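Please open the structure in your viewer and keep the selection tool at hand. The stops below proceed from helices to strands.

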Amino acid sequence: MEQVLSRPMSSIAATVESQFVAAVERSALQPQPFDHIYMADVLDPETYRALLAKMPDRRFYHELRHRDALRADGTSTRLRLYLYPELLWRFPAEQRRVWLPVARALCSQGLENAFKRKFGAALENRFGKPVERIGVYPIPILLRDSHGYRIGIHSDVPTKAITVQYYLPSDASQRHIGTIFHEGDTGDLAERTTRMPFMPASGYAFPVTAKKSWHSAAQTTEGDGERISMMVTYYVADSLKSWSKYRLRRILNSFGRHPER
């Protein structure tokens with residue numbers, strides 16, 4: 001970890017982004033049950049250890065008020081922290097030094113382009129135009145899910161273009177709590193599944209397709225421990241109006257306001 005912290009910030013940022021991009025590029029496109037990739041060894045061991053060692057304090061998070069995440073008493077099983085680079089000034093210096101390159105990489109044009117190249121056929125089929133002309137806006141978040149978290153089968157809302165999640169466990173003991181992909185949302189199709197292994201420095205991504213990209217997360221138990229991950233959602237931003245909407249919401253986060261999407 002000391003070696004990571006001692007390197008120049010520009011060097012760390014370039015290295016982290018290149019690792020995220022390389023993980024996308026080397027991951028094979030899987031067509032079943034819908035187009036997706038599973039990414040292994042996204043970050044090198046040294047960088048990954050530093051990331052886990054400098055996990056942001058809970059005081060920086062806020063509760064996600066999603067119906068599947070709420071307990072009977074109204075509290076949430078999911079904590080969320082937006083990873084916009086400009087928000088990380090609140091972190092202690094050593095935390096910021098580790099997390100700022102990650103935040104910049106998750107918002108980078110290079111990573112966006114890598115996902116667009118990987119999912120080009122599906123995106124062009126959905127939007128009816130060349131992938132380079134499809135406008136998106138990345139929203140990166142860090143998540144901490146406590147026991148009881150779950151989310152039912154859904155295919156993601158049409159305002160999303162690409163969904164990405166990176167898993168951040170310390171070891172392989174949580175392998176069984178990864179996201180579940182389904183062939184459908186009801187009956188036998190819902191029972192035919194593919195689970196993404198919740199492994200260190202791994203993740204998955206898929207282009208959002210209405211009534212096809214069905215996925216869920218099974219309810220976790222106290223014995224499963226905390227489920228920590230990062231997500232990048234690329235929202236459709238094909239017009240100045242839609243781009244401005246997401247830009248405004250990003251600005252509102254700088255003032256401690258967290259609009260739901």
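The bend at a residue is the angle between axes fitted to the seven residues ending there and the seven starting there. Helices (H or I, at least four residues) and strands (E, at least two) are DSSP runs, numbered from the N terminus. This is a predicted model, in which local features need pLDDT of at least 70 and side-chain atom pairs pLDDT 80 or more, while totals for chains, interfaces and linings use all residues. Residues are numbered from 1 along each chain as its sequence is written, and side-chain values use heavy atoms, without hydrogens and water.

Select helix α4, residues 93-106. The helix bends by about 35° at Trp99, and Pro101 follows within four residues.

Next, select α3, residues 45-53, where Tyr48 and Leu51 are among the buried residues. At its start, a side-chain oxygen of Asp44 comes within 3.1 Å of the backbone nitrogen of Glu46.

Move to Asn253 in helix α8, residues 240-253. Asn253 counts as buried because its relative accessibility is 5%. A polar atom of its side chain lies 2.9 Å from the backbone oxygen of Arg249.

Finally, select strand β11, residues 227-236; 10 of its 10 residues are buried, so the strand is largely enclosed by the rest of the structure. Strands pair if DSSP finds at least two bridges between them. Strand β4 (residues 136-145) runs antiparallel to β11, joined by 10 bridges; here Pro140 has Val232 as its bridge partner. Strand β6 (residues 160-167) pairs with β11 over seven antiparallel bridges, and Tyr167 is partnered by Ser229.

Key:
Buried < 20%, exposed > 50% of the residue type's maximum accessible area, 1.4 Å probe, protein only. Polar contact = N/O pair within 3.5 Å; in protein donor to acceptor, adjacent residues only side chain to side chain. Expected span 1.5 Å × (residues − 1).
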